[in-house]
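Subject: Structure handover

Hello,

Here is the structure I promised. Please open it first, then read my notes below.

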Amino acid sequence: MIRSPLITVMVQAVRKAGRALVRDFGEVENLQVSLKGPANFVSSADRKAEDTLFAELSRARPGYGFTMEERGRVEGTDPANEWVVDPLDGTTNFLHGIPLFAISLALVRNGVPFAGVIFNPVSDELYVAEKGQGAYLNDRRLRVAARRKLSDSVVGCGIPHLGRGDHAKFQKELALVQSQVAGVRRTGAAALDLAWVAAGRFDGFWERDLSPWDMAAGVILIREAGGYVSDLDGGDQSLDKGHIIAGNEVIREDLIKLLKKA
Ligand code: IPD
Ligand code: CA
Ligand code: CA
């Protein structure tokens with residue numbers, strides 16, 4: 001595990017927010033049977049987690065700015081450093097009592113993801129990476145999967161839902177990918193998908209219409225695990241363009257070529 005002061009600050013913040021999320025997730029499971037459903041309860045759990053992260057990180061690094069899903073942009077006095085935060089990635093899973101969600105926290109330095117922590121508090125899986133220091137899942141060093149053939153690969157994706165994204169385009173992309181790979185998966189939490197690429201669970205992943213807080217921590221995790229991550233045009237603009245594709249060198253290239261045909 002990396003034990004730099006920066007990572008220590010980030011891990012303390014996500015663990016604190018994660019403890020409250022786990023308690024709230026327990027409540028959500030009970031609320032499933034009520035007619036009103038747990039929706040309001042979940043958005044307050046989301047906001048509470050963001051408040052905790054904001055308070056902890058502001059205290060530890062007073063000058064840094066923020067881009068947070070709920071709060072938006074908060075300018076800091078230090079123009080080089082910005083926290084990019086999704087307090088609850090996988091909201092729909094959380095709402096439905098599915099234990100696949102995470103806190104995603106990145107430090108973006110001079111516009112580039114420098115450190116990332118993705119934490120699933122239910123499984124207690126803590127993914128950590130810092131530039132030049134490698135990527136870890138709890139205490140285990142991570143490497144992306146080495147498979148070189150799409151036909152052996154399991155590929156994750158995001159499925160655009162009601163009112164979001166280009167459904168027809170996604171159907172074409174999926175048809176192409178499913179005809180070439182060993183399996184396609186959809187977890188419902190983009191930050192975890194990217195962490196799973198870093199961990200070698202997924203050989204590749206692509207998704208459109210994402211926000212910077214879904215991706216920033218995953219980008220540094222994958223790079224530090226020896227993987228390749230880009231926008232769907234093959235460039236380094238994922239956070240600005242809102243689309244992302246990842247894998248090892250070969251699988252990412254082959255997936256880009258395949259998706260271009262859609
Ligand atoms: C969502 C998840 C999901 C992705 C969505 C994201 P949220 O984030 O990452 O996997 O497909 O597009 O918006 O809303 O759960 O924080
Ligand atoms: Ca998200
Ligand atoms: Ca979220």
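Helix α6 (residues 212-224) lies across β1 (64-68), β3, β4, β5, β6, β7 (134-137) and β8. Helix α6 runs at about 100 degrees to β5. Helices (H or I, at least four residues) and strands (E, at least two) are DSSP runs, numbered from the N terminus. Axes are lines fitted to C-alpha atoms, for helices over the stretch in contact (heavy atoms within 4.5 Å). Angles run from 0 to 180 degrees between N-to-C directions.

This is a predicted model: local features need pLDDT of at least 70, side-chain atom pairs count only at 80 or more, and totals for chains, interfaces and linings use all residues. Residues are numbered from 1 along each chain as its sequence is written, chains are lettered from A and ligands numbered from 1 in written order, and side-chain values use heavy atoms, without hydrogens and water.

Now the sheet. Eight strands form an open, mixed sheet in the order β2-β1-β3-β4-β5-β6-β7-β8. Strands pair if DSSP finds at least two bridges between them. The edge strands are β2 (72-74) and β8 (140-141). Helix α1 (residues 5-31) also packs on the sheet, at about 35 degrees to β5.

Next, the largest pocket. Domain 1 (5-141) and domain 2 (150-260) both give residues to its lining, so it lies between them. The domain bounds come from an automatic or database assignment. Among the elements that each supply at least two lining residues are β3 and α6. A pocket here is an open set of points on a 1 Å grid over the protein atoms alone, where a 1.4 Å probe fits, with protein on both sides within 12 Å along at least five of seven lines; lining residues have an atom within 4 Å of a point.

Best wishes
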